[in-house]
Amino acid sequence: MQKWTVANQKGGVGKTTTVITLAGLLAEAGQRVLMVDMDPQASLTQYLGQNCELPHLFGLFRDRQDLNAERVRQTLVTLPWVGMSLLAASPLLATVEKLGAQQGGMGMGKVLGDILQMLENDFDRVLIDTSPTLGVLLVNALACADRLILPVQTEFLALKGLERMLRTLGMVMRSQQRDLPYMILPTLYDKRTLASQQCLQQLRQTYGEAVATVVIGIDTRFRDASQAGVPPSLFGAHSRGVQAYREWLQQQGELP
Ligand SMILES: Nc1ncnc2c1ncn2[C@@H]1O[C@H](COP(=O)(O)OP(=O)(O)O)[C@@H](O)[C@H]1O
Ligand SMILES: [Mg+2]
């Protein structure tokens, strides 16, 4: 069960869109995909039409000391599309920080990893959506990941956000004494603007091979898909945006 975390300490860069688009494409290819919404804003959960008033994932964090696979499975939401499930978020997730404080923060960094370990045989792929806030939730999502995807909007302010994100990543890798492979995925690219082109060029100069060769362009079908509450791969299977994500997965050897 491969775990991919999608992160960037900046909002509106396409994290949630990346999670749901990749999830749809991998499920279509026959994988059993679990999406985990680690953002207290619960955008992914709401996108998928799920009630974020229930405790869901927060309940598992709260009851972390007596979890078992059965309990974790009961918390999963099975979505109406083949191969897609969700561990849903609620605004209560924002209080996970306090749960940790009550115990002096001990052992709070690997709760998500422990939860997912119980689902090891239930899924082929986990895609974790995160909040831009640096805190215990983001640390959990980074700590359990096999791989990191960093969507970066192709505009100059976004480069600062990326630097911040990479510092956080460095901190987590040092504390875990391991390497966490990451890939920068340029998003919201507008090929007609000089700003987008220059930003992409600078990304490639600074981060080289860590930048995906595929670029996700601006495509209004993503917004339409989210309004319809349907994964983009099922809403506009051949739209340019979905095609770009598909191509990226092909380059990763994840799709034929
Ligand atoms: N490639 C894209 N083209 C056009 N709109 C996009 C694209 N990617 C994301 N969006 C839209 O931009 C907004 C922010 O994207 P989202 O994935 O929610 O970002 P984040 O999770 O990083 O905050 C959403 O309305 C989404 O539909
Ligand atoms: Mg989001």
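1. In this note a residue is called buried when its relative accessible area is under 20%, exposed when over 50%, and partly exposed in between, using a 1.4 Å probe and protein chains only. By that scale Arg-192 is exposed, since its relative accessible area is 73%, whereas Asp-190, at 16%, counts as buried.

2. Please keep in mind that this is a predicted model, in which local features need pLDDT of at least 70 and side-chain atom pairs count only at pLDDT 80 or more, while totals for chains, interfaces and linings use all residues. Residues are numbered from 1 along each chain as its sequence is written, chains are lettered from A and ligands numbered from 1 in the order in which they are written, and side-chain values use heavy atoms, with hydrogens and water left out.

3. Seven strands make up an open sheet of mixed pairing, in the order S3-S4-S2-S5-S1-S6-S7. Its edges are strand S3 (77-78) and strand S7 (182-187), each of which pairs on one side only. Strand S6 (residues 147-153) runs parallel to S7, with six bridges between the two, and Leu-150 has Ile-184 of S7 as its bridge partner.

4. Helix H1 (residues 15-28) packs on this sheet and touches strand S1 (2-6), strand S2 (33-37), strand S4 (84-87), strand S5 (125-129), S6 and S7, where contact means heavy atoms within 4.5 Å. The direction of H1 makes about 165° with that of S5; axes here are lines fitted to C-alpha atoms, for helices over the stretch in contact, and angles run from 0 to 180 degrees between N-to-C directions.

5. Asn-8 lies in the loop between S1 and H1 and, at 2% relative accessibility, counts as buried. Leaving aside neighbours within four places in sequence, the contacts of Asn-8 include Val-13, Lys-15, Thr-130, Pro-132, Pro-151 and Gly-161. Asn-8 and Gly-161 are 153 residues apart in sequence, yet their C-alpha atoms are 7.0 Å apart in space.

6. The axes of helix H8 (residues 156-176) and helix H9 (residues 194-207) come within 9 Å and cross at roughly 25°. That angle makes H8 roughly parallel to H9, a term used for angles under 35 degrees, with over 145 counted as roughly antiparallel, 65 to 115 as roughly perpendicular and the rest as oblique. Among the residues that meet are Phe-156, Leu-159 and Leu-166 in H8, and Ala-195, Leu-203 and Tyr-207 in H9.

7. Side chains of opposite charge can pair when their charged atoms come close. Taking a salt bridge as a side-chain nitrogen of Lys or Arg within 4 Å of a carboxyl oxygen of Asp or Glu, the count comes to nine. In one of them Arg-73 meets Asp-122, with the closest N and O atoms 2.7 Å apart. Because Arg-73 lies in helix H4 (residues 69-75) and Asp-122 in the loop between helix H6 (111-117) and S5, the pair ties together parts that are 49 residues apart in sequence. Arg-73 is partly exposed at 35% relative accessibility, and Asp-122 is partly exposed at 22%.

8. Two further sites involve salt bridges. Asp-63 and Arg-62 meet at 3.0 Å, N to O, and a network of salt bridges links Arg-62, Asp-63 and Arg-71. Asp-190 forms a salt bridge with Arg-192, the closest N and O atoms being 3.1 Å apart.

Methods: Two strands pair if DSSP finds at least two bridges between them. Helices (H or I, at least four residues) and strands (E, at least two) are DSSP runs, numbered from the N terminus.
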